[in-house]
Amino acid sequence: MIKKQKEIVDSVLDGEENYLKKELYNLIKQEDAIFDFLQSAAIDGLWFWDLNRPENEWMNAKFWTTLGYDPSKMPHKSSAWQDIIFKEDLKNVYENFARHVEDPTYPFDQVVRYHHKLGYTVWIQCRGIVWRDNKGKPSKMLGAHTDITKLKKAEESLRKQINSFQHIIDGTDMGTWQWNIQTGEVVFNEKWANIIGFSLKELSPISIDTWMKYAHPDDLKRSNELLQDHFAGKTEVYEFEARMKHRSGEYIWVLDKGKVVSRDAQGDPEWMIGSHQEITKKKKDHERNKLFIEQAPSAIAMFDIEMCYLAASQKWYEVYDIKDNNVIGKSYYDVRKGLGQEIVAIHQRCLKGEVIRDHEKEVKKENRPTKWLLCEYRPWYSDESKIGGIIIHTADITKIKREEELQSLLEVTKDQNRRLKNFAHIVSHNLKSHSGNFEMLLDLYIQENPHVEENEIIQLFRKASHNLSDTILHLNDVVQINTTLDENLKPIQLKQIIDKVTRTVSAFAIESDVKISNNVKDNIEVLAIPAYLDSILLNFITNGIKYRSNKRESFIALSAVESDKYIELTIEDNGLGIDLEKHRSKLFGMYKTFHPNISNSRGIGLFIAKNQIEAIGGDVDVESNIDCGTIFKIYFRHEKN
């Protein structure tokens, strides 16, 4: 009997369920408002309540599965859900229901908590709408549930984070903000408003538009770009130095920092928290530093942590040959392309706090003089502990380096001079002994054979012996010369010294069939060192003989004219000549020869002669045509100048 009664009751209940469900379906078909409501609500449960028989309430399957229950085992009774809702929230539900029934414009919309079957709390946004009969009496009510547990957990987590760091924030005098990116809800603390000269009450109502209203228009675009990068996961935090309009009308600088702390099921950002810190003074100090760098007389540049230029002095542009007049904002590596990993590693070490004094570097560029640079790398700090970038100071030590090289060369030269003097002393002493022996032997031979004294060959031997003795004597004079050549110059009669050199090479000239003409006047004197003048004339005259032409009768003619500045000695020959278009630049170089068919040519004579001419304050010039001859013009100083 009892079993039969239960079956009847169940049948009645099923019938009640069916009539409500069917009535709802009919309402949806007939009334667009019902359908629109269902479409606009993100439902995690649906219910339909008979207000005339309030114990009857139909709940769809998702209503129960959201709370962890088996829908097939749950009765369609209002008492079913009232047993698992938080009691304090149930009271709020009835209060809102009463107000909605009394005033349909008052929304039935609240967040309530349910006990999930597994024991944890489920946060539900419960919304509903009352349906009235023809007499205006409430008869039915349709409701929808939206599970917002995840959002509430994120809010709770956010609240805990804010609470745990609130004492730190209060100590730093920092403004804070919270932003629900999906709903646009914004929460600022009082300090956020104080930074721009207001109270929160004065800024009400608060929204994301509050930030946009007071931010500098030029900064909004960049701020949005950085936000999008952070939303996309490209940056760990959002950070931007922005200008905000103060109540006074002036713009102040704030450091705006934030981080996404929750995302929805699709991975889109939900809540973001952040801070505002005024950095106007620090920014002004930073600008002064940039101005100092730009006007510095030395090569200095300032970079951010990405190694982009913040400031650079004019000297920096000059030292590194930078043609781009505006490198600000550009990467160091883009401006100076082709740098190795060594310099990148130095920058990274510096960005970690290390001060680096680099070693000297030799910088070579095509068609430019070599430079020597000495660099120092120092981190600069945006606050007491955070590195904002690096400052590079470069010293151009090319001049110092060249002076060091010259000093080193001078030391080598001094050492070589000491060796040369020793060599000259030894040579002059030994040659003098041999020369003396040669003269003595020649005299003894003539004494024993008086009839050969007038012999032309013997006379040439005597002249050669005498000239050799003079050369050795002059060599001794050269050894004794001081570093200031002017003190050692002597007036020398040019014609006589040319005659002497001519006699010295007469045998060579006779053998080569070259006629030497000395057309210099007797009264012409030059200032020179005798040994140098001997060597100069000997080199030019022997060159004239050596490079004679076999096509014609060869000659060497010497003549001189006097001017206010110089004695101009002309040495002219009609020999092979020189291709000056091809060889002028290396004519007086060491070991340079221009007629390779001349077997005894060493290419040293003209080099020595030019250096000796310049050493006594003179100069030399040349005119020549191939197979026509050569004219050397030598300029000597004289007493008048």
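Student: Is arginine 247 buried, partly exposed or exposed?
Tutor: The model is predicted, so local features need pLDDT of at least 70 and side-chain atom pairs count only at pLDDT 80 or more, while totals for chains, interfaces and linings use all residues. Residues are numbered from 1 along each chain as its sequence is written, and side-chain values use heavy atoms, with hydrogens and water left out. Buried means under 20% relative accessible area, exposed over 50%, and partly exposed in between, with a 1.4 Å probe and protein chains only. Because its relative accessibility is 48%, arginine 247 counts as partly exposed.

Student: With which residue does arginine 247 form a salt bridge?
Tutor: Side chains of opposite charge can pair when their charged atoms come close. A salt bridge here is a side-chain nitrogen of Lys or Arg within 4 Å of a carboxyl oxygen of Asp or Glu. For arginine 247 the closest N and O atoms are 3.0 Å apart, and the partner is glutamate 202.

Student: Why does this pair tie together parts that are apart in sequence, and how many residues separate them?
Tutor: Helices (H or I, at least four residues) and strands (E, at least two) are DSSP runs, numbered from the N terminus. Glutamate 202 belongs to helix α8 (residues 200-203), whereas arginine 247 sits in the loop between β8 (238-245) and β9 (251-260), so the parts that the pair ties together are apart in sequence by 45 residues.

Student: Which strands hold the two residues of the salt bridge between glutamate 623 and lysine 633?
Tutor: The side chains of glutamate 623 and lysine 633 meet at 3.8 Å, N to O. Glutamate 623 is partly exposed at 42% relative accessibility, and lysine 633 is partly exposed at 24%. The pair links distant parts of the chain, 10 residues apart, and the strands are β22 (residues 619-625) for glutamate 623 and β23 (residues 629-636) for lysine 633.

Student: How many salt bridges does the rule count?
Tutor: Another pair is arginine 349 with glutamate 354, whose closest N and O atoms are 2.6 Å apart. There is also a network of salt bridges that links Glu23, Asp50, Arg53 and Lys140. By the rule, the count is 22.

Student: Are helices α17 and α19 roughly parallel, roughly antiparallel, roughly perpendicular or oblique to each other?
Tutor: Axes are lines fitted to C-alpha atoms, for helices over the stretch in contact, and angles run from 0 to 180 degrees between N-to-C directions. The axes of α17 (residues 494-504) and α19 (residues 530-546) come within 10 Å and cross at roughly 55 degrees. Angles under 35 degrees count as roughly parallel, over 145 as roughly antiparallel, 65 to 115 as roughly perpendicular, and the rest as oblique. The two helices are therefore oblique.

Student: Is methionine 307 buried or exposed?
Tutor: Methionine 307 has a positive phi, near 60 degrees, in a residue other than glycine. Its place is in the loop between β11 (299-304) and β12 (309-312). Because its relative accessible area is 1%, methionine 307 is buried.
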